[in-house]
Amino acid sequence: MENTTQIESSQNQTFLSSQQLLDHWQAHRRLTRRLIETFPDDQFFTYSLGGMRPCAELIAEILGMTGAGMEGVRSGQWDAFQTMDASSKEEVLAQWDQVTTQIDTIWPQIPSSRYQEVDLAFGLYEGTIYWFILYLIDNEIHHRAQAYVYLRTLGIEPPAFWDRS
């Protein structure tokens, strides 16, 4: 049986460091980028199922929330979602890479105490900063899964979901 000192010591350990969370998110972003690359150019902006939005619109939401969201995470200033201005997959991928760089630039500027602060992100989502970051990751995974369904219905094997290299 553990003594009280060992229990207190283990309770003070961090489950996941800020850098580990960033690495986890960036791994998801690499996978989503590969998904965008895999999607047929002629279907990227138009193909949909069951009333869902086309892949380009799903990716636009991810980009818009993440780009503006990271600034809000850092500063507490929540500007409106950014809009994607792209007419080709190559332009979308370039914007994807810009937002990825933005995440990497802003991340080390976020004080660790900020993760526990409560904000009203975009005037819509009230919660802690760590919750909002997890929401951004979850939202990306959700929309990537929709795009996986699209690819499968088009007869295309999507990138392996477990390969985030």
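**Notes on the predicted model**

1. Ring pairs join Trp78, Phe81, Phe122, Tyr125, Trp131, Phe132 and Tyr135 into a cluster. Rings of Phe, Tyr and Trp (its six-membered ring) are paired if their centres lie within 6.5 Å; planes under 30 degrees apart count as stacked, over 60 as edge-to-face and the rest as tilted.

2. On the basis of these notes: this is a predicted model, in which local features need pLDDT of at least 70 and side-chain atom pairs count only at pLDDT 80 or more, while totals for chains, interfaces and linings use all residues. Residues are numbered from 1 along each chain as its sequence is written, and side-chain values use heavy atoms, with hydrogens and water left out.

3. Overall layout. The chain has six helices and two strands, in the order α-α-α-α-α-β-β-α from the N terminus. Helices (H or I, at least four residues) and strands (E, at least two) are DSSP runs, numbered from the N terminus. The C-alpha trace spans about 60 × 40 × 30 Å along its principal axes. Of the 165 residues in the chain, 41% are buried. Here buried means under 20% relative accessible area, exposed over 50%, and partly exposed in between (1.4 Å probe, protein chains only).

4. Tryptophan 78 counts as buried because its relative accessibility is 17%. Phenylalanine 132, at 2% relative accessibility, is buried as well.

5. How many aromatic pairs does the structure hold? There are 13 aromatic pairs. In one of them, the ring centres of tyrosine 47 and tyrosine 150 are 5.7 Å apart and the planes stand at 90 degrees, so the pair is edge-to-face. Tyrosine 47 sits in the loop between α3 (41–44) and α4 (55–75) and tyrosine 150 in helix α6, so the contact ties together parts that are 103 residues apart in sequence. Both tyrosine 47 and tyrosine 150 are buried.

6. Strands β1 (residues 118–121) and β2 (residues 125–128) run antiparallel and are joined by four bridges; strands pair if DSSP finds at least two bridges between them. Alanine 121 stands opposite tyrosine 125 in β2. Three residues lie between the strands. Phenylalanine 122, in the loop between β1 and β2, has a positive phi of about 55 degrees although it is not a glycine. Most residues other than glycine have a negative phi. With a relative accessible area of 13%, phenylalanine 122 is buried.

7. Helix α6. Its 25 residues should span 36 Å at 1.5 Å a residue, and the end C-alpha atoms are 37 Å apart, which agrees. The expected span is 1.5 Å times one less than the number of residues. Glycine 155, which follows α6, has a positive phi near 80 degrees.

8. Which residue partners arginine 29 in a salt bridge? Glutamate 140 does, with the closest N and O atoms 3.7 Å apart. This pair links distant parts of the chain, 111 residues apart, with arginine 29 in helix α2 (residues 18–38) and glutamate 140 in helix α6. Arginine 29 is buried, because its relative accessible area is 1%; glutamate 140, at 1% relative accessibility, also counts as buried. Arg29, Glu140 and Arg144 are linked in a network of salt bridges. A salt bridge here is a side-chain nitrogen of Lys or Arg within 4 Å of a carboxyl oxygen of Asp or Glu.

9. The structure holds ten salt bridges. Among them, aspartate 119 and arginine 114 bring their closest N and O atoms to 2.5 Å, and both residues are buried. Glutamate 157 and arginine 152 also meet in a salt bridge (3.4 Å, N to O). Glutamate 157 counts as exposed, at 57% relative accessibility.

10. Surface. Tyr130, Trp131 and Leu134 make a nonpolar surface patch of about 270 Å². Patches are made of residues with over 30% relative accessible area and no salt bridge: like charges are joined within 9 Å, nonpolar side chains (Val, Leu, Ile, Met, Phe, Trp, Tyr) within 5 Å. Accessible areas come from the Shrake-Rupley method with a 1.4 Å probe; for residues, only the protein chains shown count as cover. Tryptophan 131 lies in helix α6 (residues 129–153) and is partly exposed, with a relative accessible area of 35%.
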